[in-house]
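Reader: I am new to this structure. Please show it to me, and then let us go through it in short steps.

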Amino acid sequence: MALLEMKHICKSFSGVYANEDVSLTVEKGEIHALLGENGAGKTTLMNILYGLYTADSGQIFWKGREVSFSSPREAIAAGIGMVQQHFSLVRDLSTLDNVILNLKTASLFLNRKKERARLMELSERYGIAVDPEAKIADLSVGERQRVEILKALYRNVELLILDEPTGVLTPQETAHFFDVLRSLKAEGYGIIIITHRMSEIMQISDKVSVLRDGKLVAEADTADTTPDELSAWMIGRKMALNIRERGKAGDEIMLELRHVSRRAGKHTHALRDICFQVKKGEILGLAGVEGNGQKELAEVLTGLKKKASGEILFDGKSIMDAGVRERYEAGLAYISDDRQNDSLITGMDITENLALRSYAKEPYATHGVMHRGKMRQDALGTMETYQVRASGKTGPDTTVSLLSGGNQQKLIIARELSGNVRLILAAQPTRGLDIGATQFVRDRLLQAREEGKSVLLISADLEEILALSDRIAVLYNGGIAGIVDRKDADVQKLGLLMGGAVSAGESGAVGSGTDKSDIRREGEK
């Protein structure tokens, strides 16, 4: 008897199918990969299973019994846990409070000390570090994802649904996390893993189902397929990421940080003595496990957070006292790691979001009068150039919340790369995107480099860092652990730096076969 059977599921929104006659079976002790482009219907299918949506037609069988969950609480009670791409955490509560929220116990009152100890045991067991007393609002996107994973595991689920679960882990942590999944599999747990990383699908899954345009187009035993075949099923053609050869960057400096620090608390620092440079026409990759200062650094650079010490020079001029708009006007663009909270107003339409930076200027405004028609006309052209696709006939009038994650990201890039951009701060720019959208974003960053612009790429994806960067800096515990030339970098070396195995200034080697001269502070020769 299968653990889960979803048969002939159909779901439409405004007459457009999100799922059309989709069937999915997951056995006990099976890791099942769910693959598809953004907007292919993966999340909708899982939301139907999880009780967030109701299917228009079709059946769901859980452990042989037909079910129809009307809420996530019912699904969780039945033994199904889901870590969604957009988290369902209460921002003003602590990590521990979020984990134990709505937890049923035999007694009237929860023993917080006991529950805290259990949370820390799970944290240590799975290698997913969290601070139980930290407020969710103060955590990075990656740290929030860790809380969601632990929240699901805390409830002893029998089926665990994971959406891009390794995006914030080092290679070593990913390997350990996969060991955990294999242990759960050996104990009879079912696991659905949604990921766009072909290497992960081939490494961890037993079976794979591929969705395209809301339909199930292929299902196979993972051992019987290949990444190229999966890619062709997913997008209708074979696609390989186009990482072009490029020339060497010059010696002129676009961005320089001199001993930048920022306190997180009375005795702790979010940023510690940050020193590095980004050259004109260079992509500097900034690797690191999330929660080590990436968000704070991005917000200090963009002016969203002040009260930092040290010096930030933009094309030779200090911008420490400049505001957000002043820095943007100088040529600093920002692609945030949290597109829905930081970069978009999801209740507004595409036209309005594209004009957020320029709505008060000509040609969109003259003498205090805004010209919606001109904005919409330009939005149509921008959507075509940047391949922003909206379902239905509303086009630029489509509310942004209705766009897929990939199209939302393209919308942000279209807005941020327009105008007099000289430095692009791109934080996790391809997180959660399918292979087609990922290629588009990466190509745009490479194109910007070829045009002489500078890019500071903050990413937890080492494959992305290695593919795009000219040099790679590693952030650990709020400080720069080392800076490595691309030609000297590999996954093992960067993973050790990301995990704090060695830091800049240490005299020892990073690992077996690693020359300490490959890893240095900015300015050391």
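**Salt bridges, sheets and surface**

Author: Asp349, Glu352, Arg372, Arg376 and Asp397 are linked in a network of salt bridges. A salt bridge here is a side-chain nitrogen of Lys or Arg within 4 Å of a carboxyl oxygen of Asp or Glu. This is a predicted model: local features need pLDDT of at least 70, side-chain atom pairs count only at pLDDT 80 or more, and totals for chains, interfaces and linings use all residues. Residues are numbered from 1 along each chain as its sequence is written, and side-chain values use heavy atoms, with hydrogens and water left out.

Reader: By this rule, what does the count of salt bridges come to?

Author: The rule is the nitrogen-to-oxygen cut-off just given. By that rule the count comes to 31 salt bridges.

Reader: How many residues apart in sequence are Glu30 and Lys207?

Author: Their side chains meet in a salt bridge of 3.7 Å, N to O. Helices (H or I, at least four residues) and strands (E, at least two) are DSSP runs, numbered from the N terminus. Glu30 lies in the loop between strand 2 and strand 3 (31-36), and Lys207 lies in strand 9 (residues 207-212), so the pair ties together parts whose separation in sequence is 177 residues.

Reader: Is Glu30 buried or exposed?

Author: Buried means under 20% relative accessible area, exposed over 50%, and partly exposed in between (1.4 Å probe, protein chains only). Lys207, at 30%, is partly exposed. Glu30 has 5% relative accessibility, so Glu30 counts as buried.

Reader: Lys280 and Glu252 also meet in a salt bridge. Which class of exposure does Glu252 have?

Author: The N to O distance of this pair is 3.4 Å. Lys280 sits in the loop between strand 12 (269-279) and strand 13 (283-287), and Glu252 in the loop between helix 8 (227-235) and strand 11 (253-263), 28 residues apart. Lys280 is partly exposed at 24%. Glu252 has a relative accessible area of 53%, so Glu252 is exposed.

Reader: Where is Glu329, the salt-bridge partner of Lys361?

Author: The two side chains meet at 2.5 Å, N to O. Lys361 is in the loop between helix 12 (350-354) and strand 17 (365-366).

Reader: Which strands stand at the edges of the open sheet of 4 strands?

Author: Its order is 2-1-4-5, with antiparallel pairing. Two strands pair if DSSP finds at least two bridges between them. An edge strand has a single partner strand, so one side of it is left without a neighbour in the sheet; here these are strand 2 (16-26) and strand 5 (65-67).

Reader: Which residue stands opposite Trp62 in strand 5?

Author: Strand 4 and strand 5 pair in the antiparallel sense over 3 bridges. In strand 5, Trp62 faces Arg65.

Reader: Which strands are the edge strands of the open sheet of 6 strands?

Author: The order is 16-19-20-13-21-22, and the pairing is mixed. Each edge strand pairs on one side only; they are strand 16 (332-335) and strand 22 (479-485).

Reader: What is the bridge partner of Ala426 in strand 20?

Author: Strand 19 (residues 423-427) and strand 20 (residues 454-459) run parallel, joined by 5 bridges. In strand 20, the partner of Ala426 is Leu457.

Reader: In strand 7, what is the bridge partner of Ile80?

Author: In strand 6 (residues 80-83), Ile80 and Met82 point one way, Gly81 and Val83 the other way, and all are buried. Strand 6 pairs with strand 7 (residues 159-163) in the parallel sense, over 4 bridges. The partner of Ile80 there is Leu159.

Reader: Is Thr95 buried or exposed?

Author: Thr95 is in helix 3 (residues 95-100). Contact means heavy atoms within 4.5 Å. Beyond its neighbours within four places in sequence, Thr95 contacts residues including Leu119, Val130 and Pro132. Its relative accessible area is 1%, so Thr95 is buried.

Reader: Where is Leu52 found?

Author: Leu52 is partly exposed, with a relative accessible area of 39%. Leu52 is found in the loop between helix 1 (42-49) and strand 4 (57-62).
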